[in-house]
Amino acid sequence: REGYSRELDRKCVTRFTADPAGRFARWDFSVPCGMGRETAFSLVLSLSEGRNVASLKVTRAEARERDVGDQVRLVFRPDVEWRSFHATTKAYSGLEGSFPVASRATDDGFVFAPFDGRFEMKVCGGVYHHEPQWCYSVAHPEEAERGQDGSGDLFSPGWISADLKVGESVELVGSLADGRPLPTAVVAEESARREAKDAAGLAAPLRRALELYIVKRDDLKTVIAGYPWFLDWGRDTFIFMRGMIAAGKTDESLKILKAFAAFEENGTLPNI
């Protein structure tokens, strides 16, 4: 605002809430704007059910008597990666030149396709500026503690600006392209609230909790118990299936058995 800039960091966080089911998280910020004034924002990160789609919706709220009142500008610079969770991105490995070439601007965002598949980001209520850049040697302290690579590089295709007055929003929607249009809004927070209000007893919440871990594996089903740190594990899956069968999910259970049966060897099923 008027030349004064401030990073939205944890010092500005006034409240954090998350859906226990993992469908959304919300951060509330109170951000100094200079001259004793401030502005407030809510950031809601949510997932779209049944699709590889995530949404970050940022809404400017009123900061009561200290609110700056006029328009403020938000600036985002999204970093993207394309790697296994066991790997680390290193620009010098040949990616420094190939990642910028693999990104291009669209009418309302960008597309990033360095290998097979394509990631899309759509901006609603803001402006995307295509300006690729790298950020080198970003610390990975938790990995370093485990004896793994302690740093990696991050690629950013461009940056996003949004001029917001009180009550206005900007939304960033990212997706692994599946041929379907990106949703303009993901309402996981609102649906979770309705669900909590409508659910009677434990049966409905437990059934919903089961469904969150059952995913498509081609034309069949599998269970992802530890996303994103590990994928299909036979042990976890078959322990989990006891609850599925108790809940009457026999069709999904049979599809899981068929998926694992493809890897049967000498009467055993694989753990991974």
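Predicted model: local features only at pLDDT ≥ 70, side-chain atom pairs only at ≥ 80, totals over all residues.
**The eight-stranded sheet**

An open sheet is built from 8 strands, which follow one another in the order β1-β2-β3-β4-β11-β8-β7-β6 with antiparallel pairing. Its edges are formed by β1 (13–18) and β6 (103–106), each of which pairs on one side only. From one strand to the next, the twist averages 15 degrees. Within this order, β7 (residues 109–112) and β8 (residues 119–124) run antiparallel and are joined by 4 bridges, and Phe112 stands opposite Phe119 in β8.

**The three-stranded sheet**

A further open sheet consists of 3 strands in the order β5-β10-β9, and here too the pairing is antiparallel. The edge strands are β5 and β9 (127–139), each pairing on one side only, while neighbouring strands of this sheet are turned against each other by 30 degrees on average, with direction ignored. Strand β5 is joined by 5 bridges to β10 (residues 151–164), the two running antiparallel, and Phe76 is found opposite Ile160 in β10.

| Strand pair | Bridges | Residues standing opposite |
|---|---|---|
| β7 and β8 | 4 bridges | Phe112 and Phe119 |
| β5 and β10 | 5 bridges | Phe76 and Ile160 |

**The helix pair**

Two packed helices are described by the angle between their axes and the distance between the axes. For helix α5 (residues 234–246) and helix α6 (residues 250–261), the axes come within 10 Å and cross at roughly 160 degrees. Because angles over 145 degrees count as roughly antiparallel, α5 and α6 are therefore roughly antiparallel to each other. The crossing of these helices, α5 and α6, is left-handed.

**The second largest pocket**

The second largest pocket holds about 420 Å³ of space. Its lining is made up of 17 residues, and those that lie nearest the centre of the pocket are Arg6, Leu8, Arg73, Leu74 and Val75. By residue class, the lining divides into 11 nonpolar, 2 polar and 4 charged residues. Strands β2 (24–34), β3 (37–47) and β5 (72–76) each supply at least two residues of this lining, and the largest share, 5 residues, comes from β5.

Technical notes:
Residues numbered from 1 in each chain as written. Heavy atoms only, no water. 1 Å grid on protein atoms, 1.4 Å probe; cavity = no way out; pocket = protein on both sides within 12 Å on 5 of 7 lines; lining within 4 Å. Points joined across faces, edges and corners; volume = space filled by probe spheres on them. Nonpolar A, V, L, I, M, F, W, Y, C, P; charged D, E, K, R; others polar. Pairing = 2+ DSSP bridges. Axes fitted to C-alpha atoms, helices over the stretch in contact; angles between N-to-C directions. Parallel < 35°, antiparallel > 145°, perpendicular 65-115°, else oblique. Left-handed = near helix turned anticlockwise from the far one by under 90°.
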